Amino acid sequence: MLKNIILWVVIAVVLTSIFNNFSPRESQNKTVISYSQFIDAVKAGQINDVILDDQQGIRGHLQSGDRFSSYAPNDPHLVDDLLEHGVQIKAQPADEESMLMQIFISWFPMILLIGVWIFFMRQMQGGGKGNPMSFGKSKARMMEEDAIKVAFKDVAGCDEAKEEVAEMVDFLKDPTKYQKLGAKIPRGALLVGPPGTGKTLLAKAIAGEAKVPFFTISGSDFVEMFVGVGASRVRDMFEKAKSHAPCIIFIDEIDAVGRKRGGGGVGGGNDEREQTLNQLLVEMDGFDDNEGVIVVAATNRADVLDAALLRPGRFDRQITVSLPDVKGREQILGVHMGKVPAADDVNVKYIAQGTPGFSGADLANLVNEAALYAARLNKRVVNMFDMEKAKDKLIMGAEKHSMVMDEKEKKMTAYHEAGHAIVGLLVPEHDPVYKVSIMPRGRALGVTMFLPEKDQYSASKCKLDSMISSLYGGRIAEAQIFGWEQVSTGASNDIERATELARNMVTKWGLSELLGPLAYSEEQGEQFLGYGTSPHKQVGEETSHAIDKEIREVIDRNYQRAETLLKDNEDILHSMSAALMKYETIDKKQLEDLMARIEVREPDGWNEPVRPIATK
């Protein structure tokens, strides 16, 4: 509306200027002469008539009928000269603008500035429709019960979380059953979990199952540059919710407004954010009764939330929505695979086993990437080969076909990755090798991917030692084949990871026989969240030397083991390098052939196109 008003004002000004230029004054072509020429023409009797105006302008006709114009200085003898030579004189008053136009022109700059100010304030506050000064109105979007189509059946991979929130759904459907026994439903539920685990989807499912109105808002929508706006929006949101009770308020990313008070940041605290949090605390559990209003919030940073927000009476329950296990991943893949045409060879269980650590969003992206890959190859269905290619892209990175290595560098990369794979296959308790590739992916020239066969929640000392050995396998293979003078920098990340594992074994996890089960390091505190700093634990010089010595002993022990394994299996190292040079990527079946020292079969999908053919 305001944009239209400003547009019409600009149009009016432009049209006014045009009309002023094309006023009723005569606008035909005429000759412009100087004042001296005009006086000479008067004295010569060449002027027939003139029109004089208050702006000292002169225009008229010559005896020949031609028109002319000139400009007269303040000459007191001009009229006498004209009369003396018989020139007809007409006087014309200056054009006067109307009072309305004068007022408009004088006030237009102020009106324009006020309009621009209101426009930018609306834009800055996201005012949308309505009063441009309504900064304190809630930005929560209300979804009617009939508009929410999500149900518990659409949420897979978090059965425990669904059981936790089922009680809320039952209360919203039949609150009298609880009220008769004097029971109070939890005022709020905090969904905590890593990104992409389905916290927002679960909140929608609660409203969809209970068939109640659903208010949704982000934590960042409360805090603005004006002090008091956030608190006003919280009040307005709860007033709307009370009028639609029973209902659900969902606050996404509540850590944006619910952080611990008192810490502030560099230079002091944020008064506006703290006022907003105080108002939220009062609304959730203050003197006023919010019966029938349940607040559900989601965050992946529950550790930074204010303690008053987490106490019973506000967020009574913290529901952990963790990464799905293998069963949950299979369920999630089943939901998303039902939306794409899949071939009969797609093994959802096998894909679920090979995607540990994937969230629900990651698995949805996996299915989508597979469908995109199949579409690029003009396929009608998504088969297992497409799923594997999509999984490789997400786990190992996209293939860089444009990056060309010379033969020597490619051969060194092949031996490097073969060294990782052979040591990983021979040491105990190591995760199985999923794939070995010398195709450049991301920032790596090659990759050896290990994937566990099942979900793991802890690691033994034997497993950690094996991981360190396999990390050094690539560097050892380079030195063994090409000599120490030709060892490359490709093992820099391997060395960093191995050193970190060894240090954690000694200083954090108590896996050193010499130093015993003691922690020799502490985590750095978060100084910007109200904690202050927590310096590292001070240890004596003798203990520090003992820690360094023990870390070096762990590294040396595993380095020597990897070196011995590669020397004893040098023939396999050569064979695996040759297979990588030929196929670029080998998987579990080829690795089994190589370790058994038999002829290597072709990889699955070797004859299938790996890239769409460019068409004109």
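## Close-up views: charges, backbone angles and cysteines

**View A. E163 is exposed, with a relative accessible area of 61%.** Exposed means over 50% relative accessible area, buried under 20%, and partly exposed in between (1.4 Å probe, protein chains only). The model is predicted: local features need pLDDT of at least 70 and side-chain atom pairs count only at pLDDT 80 or more, while totals for chains, interfaces and linings use all residues. Residues are numbered from 1 along each chain as its sequence is written, and side-chain values use heavy atoms, with hydrogens and water left out.

E163 belongs to helix α5, residues 159–173. Helices (H or I, at least four residues) and strands (E, at least two) are DSSP runs numbered from the N terminus.

**View B. E553 and R557 form a salt bridge, with the closest N and O atoms 2.7 Å apart.** A salt bridge is a side-chain nitrogen of Lys or Arg within 4 Å of a carboxyl oxygen of Asp or Glu. Side chains of opposite charge can pair when their charged atoms come close. Both E553 and R557 sit in helix α18 (residues 541–568), four residues apart, which is about one turn of the helix. E553 is partly exposed at 35% relative accessibility, and R557 is partly exposed at 31%.

**View C. R597 and D571 form a salt bridge, with their closest N and O atoms 2.6 Å apart.** R597 is in the segment after α20 (588–595) and D571 in helix α19 (residues 570–583), so this pair ties together parts that are 26 residues apart in sequence. Relative accessible area is 48% for R597, which is partly exposed; D571 is also partly exposed, at 38%. Elsewhere, salt bridges that share partners join K461, D465, E553 and R557 into one network.

**View D. R301 and D303 meet through their side chains in a salt bridge of 3.2 Å, N to O.** R301 is partly exposed at 27% relative accessibility, and D303 is partly exposed at 40%. In total, the structure holds 15 salt bridges.

**View E. E253 has a positive phi near 50 degrees, although this residue is not a glycine.** E253 is in the loop between β9 (247–252) and α9 (271–284) and is partly exposed at 35% relative accessibility. E429, also not a glycine, has a positive phi of about 65 degrees. E429 is in the loop between α15 (407–426) and β12 (433–437), partly exposed at 47%.

**View F. C247 is buried, with a relative accessible area of 0%.** C462, at 29%, is partly exposed. The structure holds zero disulfides, a disulfide being a pair of cysteine sulfur atoms within 2.5 Å.
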